[in-house]
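Student: Hey, can you walk me through this one? I'd like to know what I'm looking at.

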Amino acid sequence: MKKITLALCAALASASASADTILGFDATLGAWQPAYSGAIGVDNFNVDEFALAEDNVTFIQAALEHPIPLIPNILVAHSKIETSGSAMLSENVTFDDETFVIGSDVTADINLTHTDATLYYEILDNWVNLDLGLTARLYDGNFQADGVMGMSCIPESSPCPSIEQAENIELSGVLPMVYGVARFDLPFTGWSIIAQGNGTSYNGDSHTDLTAKIRWDFVPALDFAIEAGYRAMTLDVKELDALQSDLEIKGPYLGLNLHL
C-alpha cells in the first residue's frame with residue numbers, strides 16, 4: 001500500500017510538472033502611437049491634408065494554449081484606433097455617395113477599432129517558437145466626414161448662408177486573415193525577438209497587420225516582461241462596408257506582458 005501511495009504521489013507530481021510546461025497563458029497590454037498616411041475615399045484623397053491626430057492607441061491580447069491534440073489554441077485581441085483631423089478642400093472629394101466640393105471645411109473622424117479571434121496551432125516550441133492559424137477580424141468603427149461650404153454673396157457685405165454636408169460610413173465587416181508568429185528566445189538572457197502578423201488579400205483588396213518587437217523578462221520569478229516594438233497596418237480596400245481606402249498606419253509601441 002505504501003508503494004502504491006508513493007507511486008501515485010510521484011505520478012501526480014509528474015503530471016503537475018508536465019502541465020506547467022504544456023499549459024500556457026500569455027497576455028499583453030500596451031499603447032501604440034501610430035501615424036497615418038495614404039488615401040481615403042472614391043477620389044483617393046490624401047489623408048495628410050487632414051493632419052490626423054497621432055493619439056495613443058490602446059491594445060490588449062491574450063492567448064491560451066492547451067495540451068489537447070488537434071484542437072487549436074485561441075488568441076483574442078482588441079485594438080481601439082480612433083483619430084480625427086480637418087482640412088479645407090483644394091479639390092472635390094467623394095466619400096461613398098457624398099461629394100464635398102472645393103473650398104469646403106471638412107472634419108474627418110476615423111474609427112478602425114477591431115477585435116480579433118484567432119485559432120492557431122503551435123508548430124515549434126523550444127528556443128524557436130512558431131505558431132500558425134486563422135483570424136476572424138471584426139471591425140466596429142466608422143468614417144465620419146462633416147463639411148461646411150460657404151457661398152459667395154452680392155453684395156459681399158450681406159450675410160451669406162452656408163451649406164452643411166455629412167457622410168457616415170459604418171464599418172462592421174468581418175475579415176478572415178492568415179495568422180503567424182515567430183519567437184526566438186536568446187538562451188540564458190531573458191530576451192526574445194518576436195515577429196507577429198495577420199494578412200489577407202482577395203479580389204484586389206488587401207489588409208496586413210505586422211508587428212516586430214523585443215521582449216525582456218525583467219522579473220522572471222513573476223513571469224512579467226516588458227516589450228517594445230513597431231506595428232504597421234495597411235488597409236487597401238474598395239468594398240469593405242462602402243469604405244474605400246489605401247491607408248497605412250504605423251508607429252512604435254510599448255507593452256507589458258504576462259506569461260504563465
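This is a predicted model: local features need pLDDT of at least 70, side-chain atom pairs count only at pLDDT 80 or more; totals for chains, interfaces and linings use all residues.

Student: Okay, how many helices and strands are in the chain?

Tutor: There is 1 helix, and there are 18 strands. Both are DSSP runs numbered from the N terminus: helices are H or I with at least four residues, strands are E with at least two.

Student: Which strand does β10 join?

Tutor: Strand β10 (residues 114-125) is joined to strand β11 (residues 128-139) by 11 bridges, and the two run antiparallel. Strands count as paired if DSSP finds at least two bridges between them. With 2 residues between them, β10 and β11 form a hairpin. Asp-125 has Asn-129 in β11 as its bridge partner.

Student: And what does β11 do with β14?

Tutor: β11 pairs with β14 (residues 174-186), also through 11 bridges in the antiparallel sense. There, Leu-134 stands opposite Val-178 in β14.

Student: Switching topic: what lies nearest the centre of the largest pocket?

Tutor: Glu-65, Glu-122, Asp-125, Asn-129 and Arg-183 do, out of 36 lining residues. The pocket holds about 910 Å³ of space.

Student: What counts as a pocket, then?

Tutor: On a 1 Å grid over the protein atoms alone, a pocket is an open set of points with protein on both sides within 12 Å along at least five of seven lines, while a cavity is a set where a 1.4 Å probe fits but cannot get out; lining residues have an atom within 4 Å of a point. Grid points are joined across faces, edges and corners, and a volume is the space filled by probe spheres set on the points.

Student: What volume does the second largest pocket have?

Tutor: About 220 Å³. It is lined by 13 residues, with Leu-175, Tyr-202, Asn-203, Asp-205 and Val-237 closest to its centre. β17 gives the largest share of that lining, 4 residues.

Student: New topic: which strand is Asn-198 in, and is it buried or exposed?

Tutor: Asn-198 sits in strand β15. Asn-198 counts as buried because its relative accessibility is 7%. Buried means under 20% relative accessible area, exposed means over 50%, and partly exposed is in between (1.4 Å probe, protein chains only).

Student: What does Asn-198 touch?

Tutor: Leaving out residues up to four places away in sequence, its contacts include Asp-116, Thr-135, Val-178 and His-207. Contact means heavy atoms within 4.5 Å. Asn-198 and Val-178 are 20 residues apart in sequence but 5.4 Å apart in space, C-alpha to C-alpha.

Student: Last one: what is the phi of Asn-44 near?

Tutor: Near 55°, a positive value in a residue other than glycine. Most residues other than glycine have a negative phi. Asn-44 lies in the loop between β2 (35-40) and β3 (45-46), and it counts as partly exposed at 44% relative accessibility.

Definitions and conventions
Residues are numbered from 1 along each chain as its sequence is written. Side-chain values use heavy atoms; hydrogens and water are left out.
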